[in-house]
Every structure is written in C-alpha cells, then in structure tokens.
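The sequence and structure come first.

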Amino acid sequence: MESHKRNGENAERQGARDGLAQDLARGVGQLLRQMDFCSLTEFTLRSGRRVDVIGLSSKGELLVVEIKSSLEDFRSDQKWPEYLEYCDRFFFAVPDFFPREILPQDTGLIIADPFSAVIFRDAPKLTLNAARRRSLHLNFARTAARRLQDRQLSLLT
C-alpha cells in the first residue's frame, strides 16, 4: 500500500516537472524567435537522443537547449554532453529558482518562465562538422515540414 502511494506521488511530481519543462520550452521558444531563430522541441538526433529544443538561425547556426526543471532533473539526466557534437552553441534553460551554481560554467545559461526567457550566460562557440551540419539542417527542415503536414492533415479529418 505504501509503495503505491509513493509511486503515485512520484508520478504526480514527474507530471509537474513535465508541465514546468513544457512551460520553460515555450519561454525559450519566444526568446529564440526574438533572436531570429526557428526552433523545434523534442527534436531527435541521428544518434537517437532527443534534445529539448533546437534552434536554427538564418545563417545556419544551430543551438541546442537542454531544459532542467529541477535539481533532481539535472542530477538524474547526464546525457547532455552527447549533444555538444550536434550544435554550434549549447545552453541549459532553467527556472529562476534553480541553483545555477551547479551547472557547468562552460555552457550557456538561459533563465526562463512560461512567457519569456533571457540569456544569463552566453554559450561558447563549438565546432560542428560540415557533414553533420548539413545532415542536421536537412533533418530540421524535414521534421518541421512533417509536423506541419501532420497538423494540416489532422485539420482535414
């Protein structure tokens, strides 16, 4: 009985974290739009990993934003170093109450809420392989087109 109660509490906490992460992604999307980046959420890389937000500028620059809604979320998910080889710049996006001092200093930092976001610390420029850049540009375009197509088709049915 006690384990069911704990599992229910864990599911409730996870749901709240997921809701906050979606809210932060919305704020990050607003920031990227102001910076003249197009962005996609839940973008799957060729490696099979999924980044929270990817942005593409008119100059072809790619940035990845990893959203961390809580300290527990950061500590339990250490896949982010794998994303560095898929972008020109890498950022963490966190809510204002997040303990920023635990985040790596050699990454960018965005403070976000559901309505906006601000770059607190800019991300250093990374080196992205030309072939991988081309592949990511194509994947970005096809993913965006597929999502638009799916939405249009759902309106017809």
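Aspartate 122 is partly exposed, with a relative accessible area of 48% (buried is under 20%, exposed over 50%, partly exposed in between; 1.4 Å probe, protein chains only). Salt bridges that share partners join Glu66, Lys68, Asp73, Asp77 and Lys79 into one network; a salt bridge is a side-chain nitrogen of Lys or Arg within 4 Å of a carboxyl oxygen of Asp or Glu. The structure holds 13 salt bridges. In one of them, aspartate 73 pairs with lysine 68 at 3.6 Å between the closest N and O atoms. Lysine 68 is buried at 1% relative accessibility, and aspartate 73 is buried at 17%.

Aspartate 122 itself meets arginine 89 in a salt bridge of 2.8 Å, N to O. The partners are 33 residues apart: arginine 89 is in strand S4, aspartate 122 in the loop between strand S6 (117–121) and H3. Arginine 89 is buried, with 11% relative accessible area.

## Helix H3

H3 spans residues 130–156; helices (H or I, at least four residues) and strands (E, at least two) are DSSP runs numbered from the N terminus. Its buried residues are Leu136, Phe140 and Thr143. Arginine 132 of H3 is linked to glutamate 85, 47 residues away, in the loop between helix H2 (71–76) and strand S4 (89–94); their salt bridge is 3.2 Å, N to O.

## Basis

The model is predicted: local features need pLDDT of at least 70, side-chain atom pairs count only at pLDDT 80 or more, and totals for chains, interfaces and linings use all residues. Residues are numbered from 1 along each chain as its sequence is written, and side-chain values use heavy atoms, leaving out hydrogens and water.

How values were computed:
The expected span of a helix is 1.5 Å times one less than its number of residues.
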